[in-house]
Amino acid sequence: MRILTLLLALALGLVPASARADGGAEIGECLSSGNVWLLVTTETGEALANQCVGTPGNGEEALATGGMEIQFGKGRLVCTLSGHPAQCPRTFTGAYWAYYHGGPGAEYVYSDVGASQFQPKPGSIEAWCYTTAEKDCAPPHLRISQGGVEVAAPSGAETVD
């Protein structure tokens, strides 16, 4: 009965994506155990993924493990994630999925290689956010607790749950 209640709460969006019936790791435990955390947000801040994805071999594998449906454009660039936007644009409009790497208490670094070429480090964060011609994105800094202590975010950065 408890699992059924949790599944219903997840379906209704009442429980964060990182809470699982199997006692899955919250972000600090995930990173401390050498796993990778995946965060995917839209231009409105909606989280499409916010979860531990184990030890993926590259950024594409992290997305797939996180349940993201990926469509690729020219040059194998990620152009849609789980139906956002609905389809790959025919021409570049200034909107794209920006790819970042980070870690507890560190600034995010914009990726200089594609997801198929980047190998996430154990204990790191793979972050994607959708940027538009009107609004640049930056992934939010997550509230991370390790060993019962909250990890300080980079100077001036606000954290979100």
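Predicted model: local features only at pLDDT ≥ 70, side-chain atom pairs only at ≥ 80, totals over all residues.

Residues are numbered from 1 along each chain as its sequence is written, and side-chain values use heavy atoms, with hydrogens and water left out.

The structure holds 3 disulfides, a disulfide being a pair of cysteine sulfur atoms within 2.5 Å. Counted along the chain, the bonded cysteines follow the pattern 1-2, 3-4, 5-6. In one of the pairs, the sulfur atoms of Cys 30 and Cys 52 are 2.2 Å apart, and the torsion about their S-S bond is about 80°, so this disulfide is right-handed. Cys 30 is buried, with a relative accessible area of 0%, and Cys 52 is also buried, at 15% (buried means under 20% relative accessible area, exposed over 50%, and partly exposed in between, with a 1.4 Å probe and protein chains only).

The sulfur atoms of Cys 79 and Cys 88 lie 1.7 Å apart in another disulfide; Cys 79 is buried at 12%, whereas Cys 88, with 24% relative accessibility, counts as partly exposed. Cys 129 is joined to Cys 137 with an S to S distance of 2.0 Å, and this link, with 70° about the S-S bond, is right-handed; both of these cysteines are buried.
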